[in-house]
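Subject: Structure handover

Hello,

Here is the structure I promised to pass on. My notes follow below it.

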Amino acid sequence: MTHTPPPHPGTRRDAPARAGTQPFPEPTRTPRLLLRPAGAPTSSVDGAWFPWTSNITSELHDLISALAPRLGSVARIAFEWNAVSSAQRRIDDVDGIEITGPIPGQPANLMYLFGENNTRIALTLVDPHTDPDRAYEIMRTVADAPGDH
């Protein structure tokens, strides 16, 4: 018998939402995302994301939707945005998400997503031009790493 935990508040797909706010509609394209198992030993990195394009901001709604069951509503995203993604981003003020640069000491390939309830997910970003087999190896290494690395 499987048990499906109840959704975090504000993350149910049928929950009413203001236009443009979370929860976002179902993803338009499934994110290539691999997370450490729930309950895994604490680590500074929670998983890896292999975006489909170099304009990662255009994929943020889909990523946020995929992370909602574990993170809840996203309040802030900290990352070293490149000029193209920054100019083409599709997270607007009405989304209720603060988009910031990296926090001090944050590696350039690490994205922090902060939830409204003091939750955080750290994702290693795999360059979208990486060979898919190699990208999967990287994602498995990140997700399977024991403890803090």
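**The enclosed strand**

All six of the six residues of strand β5 (residues 110–115) are buried, so β5 is largely enclosed by the rest of the structure. Buried means under 20% relative accessible area, exposed over 50%, and partly exposed in between (1.4 Å probe, protein chains only). Helices (H or I, at least four residues) and strands (E, at least two) are DSSP runs, numbered from the N terminus. Both faces of β5 are covered. Leu110, Tyr112 and Phe114 are buried on one side, and Met111, Leu113 and Gly115 on the other.

**Basis**

This is a predicted model, in which local features need pLDDT of at least 70 and side-chain atom pairs count only at pLDDT 80 or more, while totals for chains, interfaces and linings use all residues. Residues are numbered from 1 along each chain as its sequence is written, and side-chain values use heavy atoms, with hydrogens and water left out.

**Confidence**

pLDDT is the predictor's confidence in each residue, from 0 to 100. The protein averages 78, and 71% of the residues score at least 70. Confidence is highest in β2, at 96. It is lowest in helix α2 (residues 83–88), at a mean of 58. Over residues 1–19, pLDDT stays under 50. For that stretch the model has 21 contacts beyond four places in sequence. Contact means heavy atoms within 4.5 Å.

**Overall layout**

The protein has three helices and six strands. From the N terminus on, the elements run β-β-α-β-α-β-β-β-α. Of the 149 residues, 42% are buried. Take the contacts with a separation of 6 or more: residues 24 or more positions apart account for 66% of them.

**The sheet**

Strands of a sheet pair through backbone hydrogen bonds, either parallel or antiparallel. Here, two strands pair if DSSP finds at least two bridges between them. The six strands form an open sheet with the order β1-β2-β6-β5-β3-β4 and mixed pairing. Its edge strands are β1 (33–35) and β4, each pairing on one side only. Neighbouring strands are turned by 20° against each other on average, direction ignored. Axes are lines fitted to C-alpha atoms, for helices over the stretch in contact, and angles run from 0 to 180 degrees between N-to-C directions.

Which strands pair with β5? Strand β3 (residues 74–78) does, in the antiparallel sense over four bridges. Strand β6 (residues 120–125) does too, also antiparallel, over five bridges. β5 and β6 form a hairpin with four residues between them. In its turn, Asn118 has a positive phi of about 60°. Met111 has Leu123 as its bridge partner in β6.

On the other pairing, Val74 has Gly115 as its bridge partner in β5. Three bridges join β3 to strand β4 (residues 98–100), and these two run parallel. Ile77 stands opposite Ile99 in β4. Arg76 has bridge partners in two strands: Phe114 in β5 and Glu98 in β4.

**Helices on the sheet**

Helix α1 (residues 60–71) packs on the sheet. It touches β1, β2 (47–49), β3, β4, β5 and β6. The direction of α1 makes about 55° with that of β5. Helix α3 (residues 132–144) lies across β1, β2 and β6. α3 runs at about 20° to β1.

**Rings and charges**

How many aromatic pairs does a search of the whole structure find? Two. Rings of Phe, Tyr and Trp (its six-membered ring) pair if their centres lie within 6.5 Å; planes under 30 degrees apart count as stacked, over 60 as edge-to-face and the rest as tilted. Phe79 and Trp81 are edge-to-face, at 5.3 Å centre to centre and 75° between the planes. Both residues are buried. Tyr112 and Phe114 have ring centres 6.0 Å apart and planes at 45°, so that pair is tilted. Tyr112 and Phe114 are both buried.

A charge sits over a ring if NZ of Lys or CZ of Arg is within 6 Å of the ring centre and within 35 degrees of the ring normal. The charged end of Arg76 sits over the ring of Phe114, 4.1 Å from its centre. Arg32 does likewise with Phe50, its charged end 3.6 Å from the ring centre.

Best wishes
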